[in-house]
Amino acid sequence: MRNDSGALLKVDGLEAWYGESHILHGMKFDVHQGEVVTLLGRNGAGKSTTMRSIMGMVAKRKGSVSFDGTETIAMNSNKIARLGVALCPEERGIFASLNVKENMVLPPVVKPGGLPLSEVYELFPRLAERANSQGTKLSGGEQQMLAIARILRTGATMLLLDEPTEGLAPVIVQHIGDIIRKLKERGFTILLVEQNFHFAATVADRHYVVEHGHVIDMIPNADL
Ligand code: ATP
Ligand code: MG
């Protein structure tokens, strides 16, 4: 077992509410620099709420979320983004009326060191080909690639990917796996929400099992 102290992202005793609904109950886990870690769990377990809470997007939350040693629990989402954390949400958020290139430059660059557009296109040649296509004309897989691609420009070093394989054909899922492995090689740290255990096993170092708003188990990838 690794020591907690070197964690890039450290979540401890995280609680979150939507209105009066208490959703997260003492979430605790950590992600080390350069790791790919998944949150696995059933529908409604609180995986997306965890991602949103880390990003400062759930108004009512308490506990501790530290990034690179900086406590972020009281910070707003813009400030958290500037530390170098970016979320690719389950809803993808592609603007239908904008083309690929316009969607690509929407997330603000928050930190130096983001990938130049040319390198993003190198990782996603399909998006380069479709640079002038409107959001509405993209397949589900292309939309998912665009949603991941555009956060690479922002300078974020920690990527939160919420179910990037959801609803995609097996060949596209494999492609997303290749991308995640390449991003790991480039030094990105990735927290991934997945329901597809088979896919999770092909990309991740460790897995946390989430149930009813807290972590019930940590599984090294070799044991999944
Ligand atoms: P899934 O696998 O279906 O995406 P999840 O693990 O990501 O599930 P969450 O989206 O975090 O689960 O939802 C956790 C709980 O919070 C669920 O009971 C859900 O109904 C509730 N919930 C989610 N978003 C909201 C919201 N905006 N307002 C109120 N309740 C919400
Ligand atoms: Mg979810």
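Me: Two strands pair if DSSP finds at least two bridges between them. This is a predicted model, in which local features need pLDDT of at least 70 and side-chain atom pairs count only at pLDDT 80 or more, while totals for chains, interfaces and linings use all residues. Residues are numbered from 1 along each chain as its sequence is written, and chains are lettered from A and ligands numbered from 1 in the order in which they are written. How many bridges join strand S3 to strand S8?

Reply: Strands are DSSP runs of E with at least two residues, and helices are runs of H or I with at least four, both numbered from the N terminus. S3 covers residues 36–40, and S8 covers residues 189–194. The two strands run parallel, and the number of bridges joining them is five.

Me: Which residue of S8 is the bridge partner of Leu39?

Reply: Leu39 points from S3 in the direction taken by Val37, with Val36, Thr38 and Leu40 pointing the other way. Its bridge partner in S8 is Val193.

Me: Which residue in S9 does Leu40 stand opposite?

Reply: S3 is also joined to strand S9, residues 206–211, by four bridges, and these two strands run parallel. In S9, the residue opposite Leu40 is Val209.

Me: Which element gives the largest share of the shell around ligand 1?

Reply: A residue is near a molecule if its C-beta atom, placed from the backbone, lies within 6 Å of it. Ligand 1 is surrounded by 13 residues, the closest being Tyr18, Asn43, Lys47, Ser48 and Thr49. Strand S2 (21–32) and helix H1 (47–54) each supply at least two residues of this shell. The largest share, three residues, comes from H1.

Me: Why is H1 largely enclosed, and by what?

Reply: The buried residues of H1 include Lys47, Ser48, Thr49 and Thr50, and also Met51, Arg52, Ser53 and Ile54. Because eight of the eight residues of H1 are buried, the helix is largely enclosed by the rest of the structure.

Methods:
A residue is buried if 20 or more other C-beta atoms lie within 10 Å of its own, exposed if 12 or fewer, and partly exposed in between; C-beta atoms are placed from the backbone.
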